[in-house]
Amino acid sequence: MKKRYPGSANDLCQVRCIHEDRIDRAAENALQESEHISLSQLFKAMGDITRLKILTALDNDEMCVCDLAAYLGISESAVSHQLRQLRQLHLVANRRQGPILYYRLVDDHVGKLVRLGLEHIRE
């Protein structure tokens with residue numbers, strides 16, 4: 001029996017061209033729903049300009065909340081709020097040195113994502 005897909009030629013328009021082999025390949029390579037959600041959250045986090053500025057700053061070197069606040073021109077509280085979200089998404093990590101927490105990108109993949117996006121928009 002032939003597979004039917006929503007939007008196939010028999011549904012609305014007899015002229016529509018449906019390439020079922022391509023649909024099958026897309027279905028075979030589809031991400032799990034949880035992966036779609038996680039990836040969406042990653043891009044949503046990077047879609048906020050303040051969080052993106054934090055990530056680009058941390059791509060160069062680790063920084064404390066005070067330094068990030070001074071760099072961004074916003075309050076330490078606002079920076080802490082953004083860092084909390086970035087930590088929850090496993091994009092940044094911290095280390096304590098005495099009373100000061102220093103933040104850094106969790107790994108080079110985060111920096112690569114930012115740099116790849118920048119390379120794309122500069123083309």
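Two residues are in contact when heavy atoms lie within 4.5 Å. By that criterion, residues 24 or more positions apart account for 41% of the contacts in the protein chain with a separation of 6 or more.

The model on display is predicted: local features need pLDDT of at least 70, side-chain atom pairs count only at pLDDT 80 or more, and totals for chains, interfaces and linings use all residues. Residues are numbered from 1 along each chain as its sequence is written, and side-chain values use heavy atoms, with hydrogens and water left out.

**The whole chain**

Begin with the protein chain coloured by secondary structure, which comprises six helices and three strands. Helices (H or I, at least four residues) and strands (E, at least two) are DSSP runs, numbered from the N terminus. Traced from the N terminus, the order of elements is α-α-α-β-α-α-β-β-α. Next, display the surface: the chain exposes about 9000 Å², of which carbon and sulfur atoms supply 53%. Accessible areas come from the Shrake-Rupley method with a 1.4 Å probe; for residues, only the protein chains shown count as cover. Of the 123 residues, 24% count as buried (buried means under 20% relative accessible area, exposed over 50%, partly exposed in between; 1.4 Å probe, protein chains only).

**Helices α4 and α5**

Select residues 65-72 for helix α4 and residues 76-88 for helix α5; the two pack at an angle of about 110°, with their axes 9 Å apart. That angle makes α4 roughly perpendicular to α5. Axes are lines fitted to C-alpha atoms, for helices over the stretch in contact, and angles run from 0 to 180 degrees between N-to-C directions; under 35 degrees counts as roughly parallel, over 145 as roughly antiparallel, 65 to 115 as roughly perpendicular and the rest as oblique.

Now show side chains. From α4, Val 65, Cys 66, Leu 68, Ala 69 and Leu 72 meet Glu 76, Val 79, Ser 80 and Leu 83 of α5. These residues divide into seven nonpolar, one polar and one charged (Ala, Val, Leu, Ile, Met, Phe, Trp, Tyr, Cys and Pro count as nonpolar, Asp, Glu, Lys and Arg as charged, and the others, Gly among them, as polar).

**Gln 82**

Remain on helix α5 and select Gln 82. Its relative accessibility is 11%, so Gln 82 counts as buried. Leaving aside residues up to four places away in sequence, Gln 82 touches Asp 48, Thr 50, Arg 51 and Ile 54.

**Cys 64 and Cys 66**

Finally, select the cysteines. With a disulfide defined as a pair of cysteine sulfur atoms within 2.5 Å, the count is zero. Cys 64 is in no disulfide, and its nearest cysteine sulfur, that of Cys 66, is 4.6 Å away. Cys 64 is buried at 9% relative accessible area, whereas Cys 66 is partly exposed at 42%.
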